[in-house]
Amino acid sequence: MSLNNTGGMAKLAENIKHWGQTLGFQQIGVAGIDLTEAERHLDNWLALNYHGAMTYMQRHGHKRSRPGLLHPGTQRVISVRMDYLPETGAGMQRQLETPVSAYISRYALGRDYHKLMRSRLQKLADRIHAEIGAFGYRAFVDSAPVLEKALAEKAGLGWIGKHSNLINRKAGSWFFLGEIYTDLPLPIDEPAVNHCGNCRACLVICPSQAIVAPYQVDARRCISYLTIELHGPIPEDLRPLLGNRIYGCDDCQLVCPWNRFAKLTAENDFHPRHRLNSQQLLDVFAWTGQEFLTKTEGSAIRRIGYERWLRNIAVALGNAPKSPVIADALKQRLHDSTPLVKEHIVWALQRQLSAL
Ligand code: B12
Ligand code: SF4
């Protein structure tokens, strides 16, 4: 293929989209690298301390919003998305509304997406290499300081919604993002247009009022942050708001009207392992450290470790309807727990025993 003219680059971009789809990506787009507006929002978000203890969000200066600083020579970003939803809304809603059930975010039920998408992106880069020879690139899936949503929006994959996730008109928001930074001057796609309109459903439903204004999430209040990213104790005033969510939170996406158009995942690897979509709180609380490791092997859940796993479940048990069985299970774990877990168990026991 001759790349010496714009026609050659346009043909290559068309081929990349086709190869990407055969590799399992639902959509592929090309963005330029000017993220000036997103950078302003990012700087503001950091200045307000909305990142909480996620120090990695501020560690890299402007590398996150200036692709050329992260990977010198970058001219374009090939942005991809992959659907991950393994089941329809009814199953999720049932699990969420049953207080003794353990709700785990749908994105984390199967194999860790970082691994799966990285290897597919590498295959896409290899395919481009096979066609045109050596070219400059680097592939990312939430693995480096990259503003994935802003890039995907520019590449036409969807718009950043009021809950701050990327939404696609025909596919909702239950998908992951990944990208290839490249020095190829591919033609740039049209950015996506915002279709949130007057809807405020996500702001209203958010259990912890973490969406403090449209497009602004204060991570310190977000249940996803509290159950996954936060290492220490969960602030006491927020614990009741977690309900039975023990790993991540999907409420703002569950309520989004655009998710009526979401497609179920085509990846077997994203299907629930070890019935993680339908576990009971008492069962997962009873897992030994070894069971935790076995049942979360290859899953994103593993990175929070056994201690935070128990911390989160203790909070959910404190939020469950009062029951002597739950109180007994909490008491039994008291003696062999770390100080962090113990403190959360004591909190849960106080709530369980207060009116028994
Ligand atoms: C940090 C992070 C988090 C943090 C903070 C979330 C956040 N909103 O930033 C926490 C732990 C809370 C989190 C939670 C979740 N995350 Co997360 N997270 C990230 C990460 C690593 C960086 C996001 C980022 O850059 N934040 C910085 C802030 C400034 O960005 P922002 O809030 O999106 O703000 C943008 C706009 O809203 C706008 N903006 C900001 N302020 C203002 C103000 C005004 C007035 C306007 C008009 C606009 C505006 O500009 C900003 C820049 O574009 C990305 C991966 C990556 N490298 O990009 C994944 C990522 C965003 N997460 C993802 C997922 C799946 C989730 C969860 C759904 C997981 C779950 N089920 O628990 C939740 C969703 C919570 C939510 N409502 O955001 C996916 C989202 C896929 C999608 N369809 O969009 C990503 C892209 C990972 C991936 N590779 O797929 N996440
Ligand atoms: S993930 Fe949950 S807690 Fe976080 S913003 Fe969405 S609804 Fe709120």
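In the predicted model, the buried residues (under 20% relative accessible area, 1.4 Å probe, protein chains only) of helix α4 pack against β3 (103-104), β10 (245-247) and α9 (251-254), contact meaning heavy atoms within 4.5 Å. Helices (H or I, at least four residues) and strands (E, at least two) are DSSP runs, numbered from the N terminus. In α4 (residues 89-97), the buried residues are Gly 91, Met 92, Gln 95 and Leu 96. Because these residues cover an arc of only 130 degrees around the axis, they are on the same side of α4, the arc being that of the directions from the helix axis to the C-beta atoms. Ala 90, Arg 94 and Glu 97, which are exposed (over 50%), are carried by the face of α4 turned away from its buried side.

Ligand 1 lies between domain 1 (6-87 + 108-182) and domain 2 (201-260 + 274-353), because both give residues to its shell; the domain bounds come from an automatic or database domain assignment. Of the 37 residues around ligand 1, those that come nearest are Glu 148, Lys 149, Leu 166, Tyr 215 and Ser 224, a residue being counted if one of its heavy atoms lies within 4 Å. The largest share of this shell, four residues, is supplied by α2. An N or O atom in the side chain of Lys 149 is 2.7 Å from an oxygen atom of ligand 1, whereas a polar side-chain atom of Ser 164 lies 2.8 Å from a nitrogen atom of the ligand.

Residues are numbered from 1 along each chain as its sequence is written, with chains lettered from A and ligands numbered from 1 in the order in which they are written. Local features need pLDDT of at least 70 and side-chain atom pairs count only at pLDDT 80 or more, while totals for chains, interfaces and linings use all residues, and side-chain values use heavy atoms, hydrogens and water being left out.

How values were computed. A polar contact is a pair of N or O atoms within 3.5 Å; within protein, one must be able to donate a hydrogen and the other to accept it, and residues adjacent in sequence count only if both atoms are side-chain atoms.
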